[in-house]
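Open your viewer and keep the selection panel handy. We will go from one selection to the next, with a note on what is there.

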Amino acid sequence: MIKEITLQDLNSDLFIQEKVEDINKIVGDGMAINALSGGVDSSVVTLLGHRALGKRLRTIFVENGLMREGEAQQVVDFFSELGVVVEVVDAGKEFFAALHGVTNPEEKREAITQTFYKNVFGKIVRESGAKYLLQGTILTDIDETVAGIKRQHNVFEQLGIDPQAAFGYKIIEPLIQLRKDAVRKVGKALGLPAALFDRIPFPGPALSARVIGEATPERIDTVRRATTVVERNLKDTSAFQYLAILHEDRVTGMRDGKRDFGQQIEIRCWDSTDARKATPTRLSFEILERLAQEIVQQVPGIVSVTYNITPKPPSTIEAV
Ligand code: XMP
């Protein structure tokens, strides 16, 4: 049982000091590696790791072909300003090959997990000689995986999987006792800019968690364009998270006076503090109308835009 450190109980400076010491003790004079997605959790782990290990931590951004528009460059630029070098590894082909023909949500998640840990990252770690992978797993990831709700991409030990045996390296998880709100506080204390510690959460399986059915390059591109519109329009709300989902079933629409059996985008926008429970944000109808208008104009093939009004539970934040 992992003991939670709540936002109220968290002393960020003490926490940082302890984790830096822990990481140093575990890694010794060896080296470690970590994957940075640019999300809050992996950003905080990257800074903790660099504080502990300096150049003995190699930080990699895996371009899995499922990220948002301009994401890789943005993350590289942010961290370069913080003095951290981020290597970008292009692995889109591997991920799309693994996702080919996969429609079941849990199988999709598993395909991403295996591709990431075994093939792409596994290979990098093996070649680098690093024995440790530093990872930003948080308590909510563990809860939902253990409860059998969603197999989060980064949970192993609690499912009886030994990463050392399965992938050939050990995993260090300094944020495992925290939830999102507490991770943000640590990020702030580490000197992470607000643009990073206040970023809305983004899931490990990236945009493939937002495509119902097969995640092909074309369908990912569609949801990516819709995501850009949603994020641009909702960035000034104080919502916890907002996203676009591409549905699988088509509906009859019309364009230029002709029938268009087109695709559907669902918008979700959540109020929440820690992602365990969430309620749809009461967006104004004006904003909703603008979103619909921009999405049908800017995203090819979309003829229907809806807004989710169901709380979590029974909904979840992502759709896959
Ligand atoms: P759900 O969809 O389970 O999401 O209500 C709860 C929070 O977790 C994020 N999420 C993930 N984060 N790996 C992650 O690191 C994952 O596999 C994953 N799936 C969902 C989601 O964006 C939300 O903030």
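**First stop: Glu 144**

Select Glu 144: leaving aside neighbours within four places in sequence, Glu 144 is in contact (heavy atoms within 4.5 Å) with Ile 149, Lys 150, Gln 152, Ala 275 and Lys 312. A word on the model: it is predicted, so local features need pLDDT of at least 70 and side-chain atom pairs pLDDT 80 or more, while totals for chains, interfaces and linings use all residues. Residues are numbered from 1 along each chain as its sequence is written, and side-chain values use heavy atoms, leaving out hydrogens and water.

Glu 144 sits in helix H6, residues 139-146 (helices are DSSP runs of H or I, at least four residues, and strands are runs of E, at least two, numbered from the N terminus). Its relative accessible area is 11%, so Glu 144 is buried (under 20%, using a 1.4 Å probe and protein chains only).

**Next: the ligand**

Now show the residues around the ligand (a heavy atom within 4 Å): there are 16, and the closest are Glu 144, Lys 150, Gln 241, Lys 312 and Glu 318.

- His 153: a polar side-chain atom is 2.8 Å from a ligand nitrogen.
- Gln 241: a side-chain N or O atom is 2.7 Å from a ligand oxygen.
- Glu 318: a polar side-chain atom lies 2.5 Å from a ligand oxygen.

The protein covers 94% of the 490 Å² of accessible area that the ligand has on its own (Shrake-Rupley method, 1.4 Å probe).

Note on methods. Polar contact = N/O pair within 3.5 Å; in protein donor to acceptor, adjacent residues only side chain to side chain. Buried < 20%, exposed > 50% of the residue type's maximum accessible area, 1.4 Å probe, protein only.
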